[in-house]
Each structure stands twice: as C-alpha cells, then as structure tokens.
Amino acid sequence: MLTVNAIAATSATDPLVRTTIERRDLGPRDVLIEIRYAGICHSDIHTVRGEWGTVPYPLTVGHEIVGRVAEVGAEVGKHAVGDRVGVGCMVNSCRECENCRSGQEQYCLGGNTGTYASVDRDGTITQGGYSTHVVVDEDFVLRVPETIPYASAAPLLCAGITTYSPLSHWNAGPGKKVAVVGLGGLGHMAVKIAAAMGAEVTVLSQTLGKKDDGLAFGAEHYYATSDPATFETLANAFDLIINTVSAPIDMAAYLRLLRLDGTLVSVGAPPQPLPVPVFALFGNRRSFAGSSIGGIAETQEMLDFCAERGIAPEVEVIDAAAVNDAYERVLSSDVRYRFVIDIDSLR
C-alpha cells in the first residue's frame with residue numbers, strides 16, 4: 001500500500017488535522033492520480049460534523065479532485081500517465097443494476113461507492129481528495145480538458161455536475177425561465193450553466209449583496225427574497241427553480257413561483273426535513289423533485305460543455321493549513337465562490 005499525506009477529521013467537533021492515510025495497491029484497472037487541487041464542498045462539512053449520519057472517523061473528505069495520472073494498471077485503456085484527470089463524488093458502483101446499465105451510476109440501486117466514507121471493494125473505508133494521491137478504477141476517472149483552468153476545474157466535479165444534471169434533465173434552454181435560489185458555490189454554477197444553455201435566468205437571494213456578480217455570471221434578473229414583494233411579483237413565473245441552499249426555505253412560497261407544469265428541484269441538502277404543503281403543488285400542476293450528481297458519461301459531457309463555452313467556477317485557492325478557517329468561512333457565507341486546496345502545500 002501507498003502511504004500519503006492527507007488532512008482528516010477525527011471527530012465531529014475537533015479541527016481537521018494533518019495526517020497520513022493508505023491507498024490500496026494498484027489493480028489492473030486502477031489509476032493512481034497525483035492530486036493537484038481539491039475543492040471544499042459544503043457536503044464535506046456536513047459529513048465531518050456528523051450532520052448526515054454516522055461518520056467512520058478518522059476520515060479524509062473531498063470529492064472535487066483534479067490532478068495528473070501518475071501510474072496505471074496493466075489493463076487500463078482509458079487513461080495514460082500524464083493525463084489531466086478528475087474524480088467526483090463516486091468511485092464505483094455495482095454496474096449491473098438497471099440504473100447503472102443506463103449510465104445513471106449515481107442512482108445505483110445497491111448504492112454507489114462514494115469517494116469518501118463508503119465501503120470500498122477491498123472492505124476499507126474510502127478516503128477523499130484532501131490528500132496527495134488517490135487510486136481509482138479507470139471507469140470513474142474523468143478527462144479534464146486543458147482549456148479549463150487547473151484549480152478552477154476541481155469544483156466542476158461536484159458543484160458543476162450537481163447543477164448541470166437537473167438543468168439538462170428538465171430541459172433548461174431557450175424559451176425557458178429558470179430561477180436559481182442562492183448564489184453560493186452551487187448557485188453561481190447553476191447561473192453560469194443555465195445562461196450558457198440559453199435560458200432566461202433569475203437569481204433569488206436573501207439580499208441584493210451579490211447582484212453585480214449574479215448579473216455578470218449571466219443572470220438577467222436578481223431579486224431579494226427578504227422582500228415579501230418578490231414573491232408577489234414573481235408568482236407563476238418560472239418553468240424551473242433550482243434550489244441550491246442547504247438551509248430550510250418556505251416551500252409554499254417558492255412553489256407558488258412556478259408556472260403550469262413547473263418544477264422546483266432541490267440540490268442543496270439541509271439536515272432538516274423540508275415540509276411540502278400539498279396544496280401548493282395542486283396549483284398549476286407543480287412538481288417538487290430532488291437531484292443528485294450525474295453519471296460518469298454526463299459528468300464528462302458537463303466538463304466538455306464548460307470547456308467549449310469557457311465556463312469555470314470562481315475559486316479562492318488556499319493552503320492546506322487554512323482548511324479549518326475555510327470551513328468557518330463557508331458556514332458564514334464568506335467565500336466567492338468555492339475554496340480549493342492547493343495540494344502541493346500538503347507534500
């Protein structure tokens with residue numbers, strides 16, 4: 001096994017610490033990746049703080065990973081040493097169920113193998129990208145186009161695909177009115193991608209503090225949800241609403257913003273349940289849905305889409321020593337718009 005430097009959580013309350021972890025020996029279809037950058041996702045924070053369930057401490061998180069191929073197994077045919085690659089939120093699935101066979105590995109009926117905190121094929125717990133190296137099956141390694149800035153590419157592996165997938169599935173495009181709730185790590189990507197797809201985009205944020213950014217990212221309209229008049233003005237206005245916030249919202253108020261057959265899709269995941277008043281769904285035959293990440297093929301499609309259209313996340317690159325401070329800043333919404341760890345600072 002390969003011993004590598006990493007950052008790990010040892011409990012739900014203690015600061016993350018520098019440590020070492022082990023990576024499995026390279027199998028015939030495995031790829032060893034030398035990690036260059038790892039994004040900090042709100043999911044990382046929810047996980048290490050035990051907000052989404054039991055955590056197998058010590059745990060290294062991080063599922064927004066980009067780097068270079070350092071070594072490949074004897075049967076690998078999709079990637080070569082030196083390739084620029086990425087790894088997202090999953091590193092395996094059963095590959096046999098109906099969903100996996102249709103290219104929807106994220107909805108594997110047996111449960112996909114998450115990049116961290118999952119049971120790997122050798123029985124160990126998967127450890128994420130806050131580390132210098134990772135070993136991943138070649139089928140779950142993505143090609144990262146050279147035209148996407150290296151550090152900026154990392155958040156595409158979660159924030160990018162998490163917003164691209166529902167926008168694509170619900171046909172955001174010309175003639176469609178799309179609202180994005182929240183302008184954070186997920187929200188700013190939803191705005192950029194929806195605008196690039198040709199939709200008319202509106203940002204719904206608590207205040208107008210980020211209005212200039214939202215318009216620069218491609219939104220045509222920007223409203224403060226703290227103003228009750230917003231919900232009157234925008235009643236029955238949208239075909240699709242992408243809710244990116246990880247906090248409770250007034251579901252009835254937001255559902256009433258949907259026009260006939262409109263859908264509100266949640267991609268943010270608050271720890272608390274979201275009460276859905278059924279009468280708000282009856283009007284206009286509205287729908288409420290959830291969406292996870294995308295499958296491997298769709299994630300590659302998203303990367304190519306962003307490369308072709310010059311789309312990249314807005315990032316603040318930090319050293320590994322600043323991770324705990326970055327977590328606190330994420331929780332206080334003091335980041336525009338995604339922290340990315342320079343993994344060279346771990347070597």
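Colleague: Which residues touch the most other members of the largest nonpolar core?

Modeller: This is a predicted model, where local features need pLDDT of at least 70, side-chain atom pairs count only at pLDDT 80 or more, and totals for chains, interfaces and linings use all residues. Residues are numbered from 1 along each chain as its sequence is written, and side-chain values use heavy atoms, with hydrogens and water left out. A nonpolar core is a set of buried Ala, Val, Leu, Ile, Met, Phe, Trp, Tyr and Cys residues joined through side-chain atoms within 4.5 Å; buried means under 20% relative accessible area, exposed over 50%, partly exposed in between (1.4 Å probe, protein chains only). Among the 87 residues of the largest core, the ones with the most member contacts are Ile40, Val66, Tyr130, Leu167, Val191, Tyr327 and Ile341.

Colleague: Which helix gives the most to this core?

Modeller: Helices (H or I, at least four residues) and strands (E, at least two) are DSSP runs, numbered from the N terminus. The top contributor spans residues 185-197 and supplies 7 residues. That is helix α5.

Colleague: Which residues of helix α11 are buried?

Modeller: Helix α11 covers residues 323-331. Its buried residues fall within an arc of 105° seen down the axis, so they line one face of the helix. The arc is that of the directions from the helix axis to the C-beta atoms. The buried set is Val323, Ala326, Tyr327 and Val330.

Colleague: What do the buried residues of α11 pack against?

Modeller: Contact means heavy atoms within 4.5 Å. Ile40 has Ala326, Tyr327 and Val330 among its contacts beyond four places in sequence. For the buried residues of α11, the packing partners are β1 (2-8), α1 (42-48), β16 (315-318) and β17 (338-342).

Colleague: Is Thr202 buried or exposed?

Modeller: Thr202 sits in strand β11 (residues 200-205). Beyond four places in sequence, Thr202 touches Val178, Ala179, Val180, His221, Tyr223 and Phe238. Its relative accessibility is 3%, so Thr202 counts as buried.

Colleague: How many disulfides does the structure hold?

Modeller: A disulfide is a pair of cysteine sulfur atoms within 2.5 Å. The sulfur of Cys158 has that of Cys89 as its nearest cysteine sulfur, 3.7 Å away, and Cys158 is in no disulfide. The sulfur of Cys306 is 13 Å from the closest one, in Cys158, which is too far for a bond. The number of disulfides is 0.
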